[in-house]
There are 2 protein chains.
Amino acid sequence: MNNNQAFIDKLRTSGLRPTKQRILIAKNLFERSKTFHFTVEKLNKVINKKGSAKVSLATIYNTVEAFTKAGYLKEILTSKSKSYYDTNIKSHHHFYDEGTKELTDIDYNQVKLSKVPVPPKGKKIKNLEVIIRIQK
Amino acid sequence: MNNNQAFIDKLRTSGLRPTKQRILIAKNLFERSKTFHFTVEKLNKVINKKGSAKVSLATIYNTVEAFTKAGYLKEILTSKSKSYYDTNIKSHHHFYDEGTKELTDIDYNQVKLSKVPVPPKGKKIKNLEVIIRIQK
DNA sequence: ATTATAGTTTATAATAATTCTAAACTATAA
DNA sequence: TTATAGTTTAGAATTATTATAAACTATAAT
Ligand SMILES: [Mn+2]
Ligand SMILES: [Mn+2]
Ligand SMILES: [Zn+2]
Ligand SMILES: [Zn+2]
């Protein structure tokens, strides 16, 4: 039952030693069948639920940040007050539901940009992902 | 030199009485030749600079919020830590420079979306504006 | 014009997400 | 096995924003 090597590898390549806490965080993030869109608050609740091992909020923040820097998570800027993260690191778009505050993936080729402006001189496009705000 | 009626009207239709402080805020926002992209911190600096009349930060926050609700300002979600606002209330797109943290307008017809996904059942698209992140 | 009242301004406190700190612990290399 | 560099954690600090409440003011009624 110790199939943690993938998580350990992600931690190592993120510059982190594989500790019990970090492996648990990695499991909660990456051992999923579907994309996980989350805030740190939500991840903290998932990890520190009833009876489970406890991981401090500081460690969750630090590990999420390291995974983001290493490219294993993507940050989605959606909300004024909270950071959202995404386990889907491919370039893709999102619906953001203003009512439920939930993100949903839109496949990259579901959006076609037939005209894109040229960036100002000396600047390069780093990222072009569309967030479509929806509501009832 | 008292051509403040436009500001007074904006305040009134935002549900605010035209006070000295609010008129000064409105002047700083709307008496401009070009679009103004700003954070509350920046607006506060502009208004409360050397020797000028003082307006409290709370009043600036409240007035910006009222103008936003009334549709005279638009909020741009760009940054994790600070809210950005825009005096250009037409539907349009932006470059966001990750280095300087400045927004630049992109005219609406400089971006062509030839394919847009259908929103989930029961949901409507509220907004589709593109933010293109740029850097050196 | 005077006054009563509802609305406003302001300093300051509270809140909430995030980051920092430093002491107790632990993975790992020697 | 041990030394050391790295880690975890509770709690403190930070920072943008929002709330509070007392002193002020625009406005409508007299
Ligand atoms: Mn905030
Ligand atoms: Mn923050
Ligand atoms: Zn996604
Ligand atoms: Zn703009």
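**Chain A fold and a zinc site in chain B**

Author: Of the 136 residues in chain A, 40% are buried (under 20% relative accessible area; exposed is over 50% and partly exposed lies in between, with a 1.4 Å probe and protein chains only). The model is predicted, so local features need pLDDT of at least 70 and side-chain atom pairs pLDDT 80 or more, while totals for chains, interfaces and linings use all residues. Residues are numbered from 1 along each chain as its sequence is written, chains are lettered from A and ligands numbered from 1 in the order in which they are written, and side-chain values use heavy atoms, without hydrogens and water.

Reader: What is the secondary structure of chain A?

Author: Chain A has four helices and eight strands, where helices are DSSP runs of H or I with at least four residues, strands are runs of E with at least two, and both are numbered from the N terminus. Along the sequence the pattern is α-α-β-α-α-β-β-β-β-β-β-β.

Reader: At what angle do α2(A) and α4(A) pack?

Author: About 60°, with the axes of helix α2 (residues 20-30) and helix α4 (residues 57-70) of chain A 10 Å apart. Axes are lines fitted to C-alpha atoms, for helices over the stretch in contact, and angles run from 0 to 180 degrees between N-to-C directions. The two helices are therefore oblique to each other (under 35 degrees is roughly parallel, over 145 roughly antiparallel, 65 to 115 roughly perpendicular, the rest oblique).

Reader: Which residues meet there?

Author: From α2(A), A:Gln21, A:Arg22, A:Ile25, A:Ala26, A:Leu29 and A:Phe30; from α4(A), A:Thr59, A:Ile60, A:Thr63 and A:Phe67. Contact means heavy atoms within 4.5 Å.

Reader: Where is A:Leu16, and is A:Leu16 buried or exposed?

Author: A:Leu16 sits in the loop between α1 (5-13) and α2 of chain A, and is buried at a relative accessible area of 15%. Neighbours within four places in sequence aside, A:Leu16 contacts A:Leu11, A:Arg22, A:Thr63 and A:Ala66.

Reader: Switching to the zinc ion (ligand 4). What are its protein donors?

Author: B:His37 (NE2), B:Asp86 (OD), B:His92 (NE2), B:His94 (NE2) and B:Asp105 (OD), at 1.9 to 2.3 Å from the zinc ion. Donors are N, O and S atoms within 2.8 Å of the metal (3.2 Å for Na, K and Ca); water is not among the atoms, so sites may look incomplete.

Reader: Which strands hold B:Asp86 and B:Asp105?

Author: B:Asp86 lies in strand β3 (residues 84-86) and B:Asp105 in strand β5 (residues 103-106) of chain B, so the pair ties together parts 19 residues apart in sequence. B:Asp86 is buried, at 0% relative accessible area, whereas B:Asp105 is partly exposed at 26%.
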